[in-house]
Amino acid sequence: MRVILDTNVLLAALISPHSPPDIIYRAWQAGRFNLVTGAVQLDELRRVSRYPKIKAILPAHRVGTMINNMQHAIVLGDLPHLPEGIEVSDPNDAFLLAIALTGEADYLVTGDRRAGLLQCGSLGRTRIVTPATFCAEAL
């Protein structure tokens with residue numbers, strides 16, 4: 001099974017022990033699924049982790065360890081543009097859909113209810129779900 005974890009899910013895994021995002025991240029570390037990511041997401045994770053509100057609650061070394069661990073995931077390089085007809089409410093999330101299509105992901109797990117990804121429900125073979133739904137269905 002191939003899974004993409006939105007950056008908000010990855011950060012939540014570090015911030016909230018025993019939460020669905022943390023359970024998902026630990027399941028990946030235990031080899032229960034293949035994590036699919038991209039260089040652009042790793043860059044976003046580095047950038048977002050430097051925001052003052054994140055730095056105040058999350059030590060940099062924990063994010064660094066996560067990024068190092070993610071080097072063992074399926075890391076996609078250059079991503080193609082999304083095909084015509086695929087609209088994204090938040091252009092900053094377009095890379096997640098590109099990873100989903102290119103990486104042939106089974107799931108895209110996101111906690112962002114405002115960006116519109118969850119409302120899509122799916123893209124091709126990729127189901128777009130919350131962390132709680134993913135835990136209930138796939139773990």
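1. Contact here means heavy atoms within 4.5 Å. The model is predicted, and the points below should be read with that in mind.

2. Helix H2 spans residues 20-29, and its buried residues are Pro-21, Asp-22, Ile-24, Tyr-25, Ala-27 and Trp-28. An α-helix has 3.6 residues a turn, so residues three or four places apart point the same way. Just after H2, Gly-31 has a positive phi of about 85°.

3. Two packed helices are described by the angle between their axes and the distance between the axes. For H3 and H5, the axes come within 10 Å and cross at roughly 175°. Angles over 145 degrees count as roughly antiparallel, and H3 and H5 are therefore roughly antiparallel to each other. On the H3 side the contact is made by Gln-41, Leu-42, Leu-45 and Arg-46, and on the H5 side by Val-63, Met-66, Ile-67 and Met-70. By class, this contact of H3 with H5 has 6 nonpolar residues, 1 polar and 1 charged.

4. The largest nonpolar core has 28 residues, of which Leu-5, Phe-33, Leu-45, Met-66, Val-109 and Phe-134 touch the most other members. At least two residues of this core are supplied by each of S1, H1, H2, H3, H5, S4 and H8. H1 gives the largest share, 5 residues.

5. Another core, of 14 residues, lies apart from the largest one; Val-36, Leu-76, Leu-123 and Ile-128 are among its members.

6. Ser-49 sits in the loop between helix H3 (39-48) and helix H4 (52-55). Is Ser-49 buried or exposed? Buried means under 20% relative accessible area; Ser-49 has a relative accessible area of 12% and is therefore buried. A polar atom of the Ser-49 side chain lies 2.8 Å from the backbone oxygen of Arg-46. Arg-46 is also one of the H3 residues that make the contact with H5. Not counting residues up to four places away in sequence, Ser-49 touches Ile-54, Lys-55 and Val-63. Val-63 is in turn one of the H5 residues in the contact with H3.

Notes: Residues numbered from 1 in each chain as written. Predicted model: local features only at pLDDT ≥ 70, side-chain atom pairs only at ≥ 80, totals over all residues. Heavy atoms only, no water. Helix = DSSP H or I, 4+ residues; strand = E, 2+ residues; numbered from the N terminus. Buried < 20%, exposed > 50% of the residue type's maximum accessible area, 1.4 Å probe, protein only. Polar contact = N/O pair within 3.5 Å; in protein donor to acceptor, adjacent residues only side chain to side chain. Axes fitted to C-alpha atoms, helices over the stretch in contact; angles between N-to-C directions. Parallel < 35°, antiparallel > 145°, perpendicular 65-115°, else oblique. Nonpolar A, V, L, I, M, F, W, Y, C, P; charged D, E, K, R; others polar. Core = buried A, V, L, I, M, F, W, Y, C linked by side-chain atoms within 4.5 Å.
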